[in-house]
Amino acid sequence: MSQPIVKLKNLNKWFGDLHVLRDISLEVDPSEVVVFIGASGSGKSTLLRCINFLEEAQKGEIWINGKEINPYRENLNKVRKKIGMVFQHFNLFPHMTVMQNVIEGPVQVTGTPRKTAREEGMELLEQVGLEDKADEYPEMLSGGQKQRVAIARALAMKPELMLFDEPTSALDPELVGEVLNVMKDLAKKGMTMAVVTHEMGFAREVAERVFYMDEGKIIETGTPGAIFDSPQHPRTKQFLSQIL
Amino acid sequence: MAVLEFIKTYSPLFLPAIWITIQITVLSILLGIVIGLVTALAKLTRVKLLNRIADLYITVIRGTPLIVQLSFIYFALPGIGIELSAFVAGSIGLGIHNGAYIAEIFRGGIQSISTGQTEAARSLGMTQSQTMRRIILPQALRRVIPPLGNQFIIALKDSSLAGLITVNEIYMTSRRLGASTYQQMEFYMLAGAFYLILVTLFSVVVQKIEKTLETSKRQSSEIL
Ligand SMILES: Nc1ncnc2c1ncn2[C@@H]1O[C@H](COP(=O)(O)OP(=O)(O)O)[C@@H](O)[C@H]1O
Ligand SMILES: [Mg+2]
């Protein structure tokens with residue numbers, strides 16, 4: 001029987017007095033792609049960041065691969081290295097070339113020999129269509145290219161789960177497609193993915209489930225078709241009418 | 001001409017003093033960089049005690065005159081059995097002094113690197129110290145070169161105060177020679193000229209370093 005990759009049970013998170021996540025419970029199965037939608041400030045980023053412990057939830061359980069993670073007892077670096085994360089603003093390392101960005105994790109964290117890391121890095125750059133940019137610095141790349149490098153950098157750690165936090169919302173419209181294509185590709189290869197995005201086309205094509213978040217709660221869950229075409233909750237309806 | 005004759009006669013007498021000024025400046029900056037880096041990191045950790053110690057050090061050093069600090073080390077410490085030569089006391093005193101300013105330079109540089117960089121590194125599984133060493137410091141280093149160069153020049157001029165604790169550097173030498181020849185004004189002007197030349201040379205070196213860092217990003221990411 002396969003375990004869920006991520007299981008959250010009654011997760012709660014406060015920033016000071018602000019209750020940002022309220023009793024979030026969900027599971028993501030291996031090879032599943034889930035999408036989170038919701039208004040700005042509804043807690044989507046915080047939720048993703050709690051899953052890889054960039055933020056600490058004060059209450060509730062986080063299970064990764066069948067194991068409950070206690071942030072005080074567990075080596076969080078070990079947990080994080082199996083969870084890739086892609087950020088809205090790429091966060092590439094500007095003082096390193098594309099290839100150096102990609103091999104930094106394997107070489108420093110896993111101790112992969114540089115040569116092996118480079119070979120694997122080159123394959124990943126081919127996968128995201130940037131093999132000819134290996135020796136460029138990030139500042140020379142377009143936003144879409146930067147984000148594809150960021151995806152390759154995360155994949156270099158051979159993660160079991162990839163988190164995407166609005167990976168295309170900082171991009172010029174004409175560059176969104178190239179990033180989504182890489183992500184679709186990844187989904188088809190069986191990567192488990194949790195994605196915050198308002199790209200409906202992407203969600204319809206690859207997501208098994210969509211979660212609608214509102215004020216820190218998941219108030220509606222369903223297949224992309226169910227959520228986008230016949231939302232049940234009035235808040236979901238209202239939100240979708242605004243972004244469409 | 002009398003001026004040229006004066007310069008020609010007395011400049012050679014300054015050579016040892018110039019060398020001492022350069023040594024004391026470079027030593028105090030190197031010591032200041034080490035102290036400054038440690039202090040900046042101490043200020044940025046979550047360990048409250050270290051934060052406090054770093055704060056106290058910076059507050060005391062920036063809040064008291066350098067001449068008091070130097071005198072304390074050279075004239076007062078022997079009272080509790082710590083006797084240092086004037087040169088060593090001067091270098092250490094100036095190093096501790098520069099360290100407080102350099103700490104603030106480093107802290108500013110480190111804090112100017114966006115938190116997104118740390119998050120990206122941590123999400124790859126890098127430890128806090130790997131993140132600092134591989135991702136934050138190499139970027140911060142580049143940003144602190146200009147203010148660090150500025151501090152270098154301040155340190156050079158401040159080294160003249162070591163003369164007052166009997167280090168035979170440029171200023172002290174000009175005073176000594178001026179007193180014995182009754183040509184104090186000429187000697188102060190000569191000392192000033194030497195400082196001006198050294199400051200100019202240091203500025204050029206700092207600019208060279210800036211340029212090199214800019215054109216060879218690759219190397220600087222490999223050093224650490
Ligand atoms: N580091 C933080 N400190 C304080 N409040 C925060 C912090 N990060 C996010 N918040 C607040 O938490 C709420 C949820 O934010 P976020 O998870 O970023 O929402 P979303 O990604 O859905 O836009 C917002 O009200 C935001 O202002
Ligand atoms: Mg967000």
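Biologist: How do you know that Thr46(A) is in polar contact with an oxygen atom of ligand 1?

Modeller: A polar side-chain atom of Thr46(A) lies 2.5 Å from an oxygen atom of ligand 1, and because a polar contact is a pair of N or O atoms within 3.5 Å (within protein, one must be able to donate a hydrogen and the other to accept it, and residues adjacent in sequence count only if both atoms are side-chain atoms), the pair qualifies. This is a predicted model, in which local features need pLDDT of at least 70 and side-chain atom pairs count only at pLDDT 80 or more, while totals for chains, interfaces and linings use all residues. Residues are numbered from 1 along each chain as its sequence is written, chains are lettered from A and ligands numbered from 1 in the order in which they are written, and side-chain values use heavy atoms, with hydrogens and water left out.

Biologist: What makes a residue part of the shell around ligand 1, and where does the shell come from?

Modeller: A residue is counted if one of its heavy atoms lies within 4 Å of the molecule; among those around ligand 1 are Phe15(A), Leu18(A), Val20(A), Lys44(A) and Ser45(A). By class, the shell holds four nonpolar, six polar and one charged.

Biologist: Why is the pair of Arg134(B) and Glu104(A) called a salt bridge?

Modeller: The closest N and O atoms of Arg134(B) and Glu104(A) are 2.7 Å apart, and a salt bridge asks for a side-chain nitrogen of Lys or Arg within 4 Å of a carboxyl oxygen of Asp or Glu, so the pair passes. Two salt bridges are found across the interface of chain B and chain A, together with seven residue pairs in polar contact, both residues at pLDDT 80 or more. On the side of chain B that touches chain A, at least two residues each come from α5 (115-123), α6 (128-158) and α9 (217-223) of chain B, and that side has six nonpolar, eight polar and eight charged residues.

Biologist: How many residues does the contact take from each chain, and what area is buried?

Modeller: With contact meaning heavy atoms within 4.5 Å, 22 residues come from chain B and 28 residues from chain A. About 2200 Å² is buried between the chains, 50% of it on carbon and sulfur atoms.

Biologist: What makes Arg204(A) and Asp229(A) a link between distant parts of chain A?

Modeller: Their closest N and O atoms are 2.9 Å apart, in a salt bridge, yet Arg204(A) belongs to helix α7 (residues 200-206) and Asp229(A) to helix α8 (residues 224-229), 25 residues apart.

Key. Buried area = accessible area lost by both parts, 1.4 Å probe. Helix = DSSP H or I, 4+ residues; strand = E, 2+ residues; numbered from the N terminus. Nonpolar A, V, L, I, M, F, W, Y, C, P; charged D, E, K, R; others polar.
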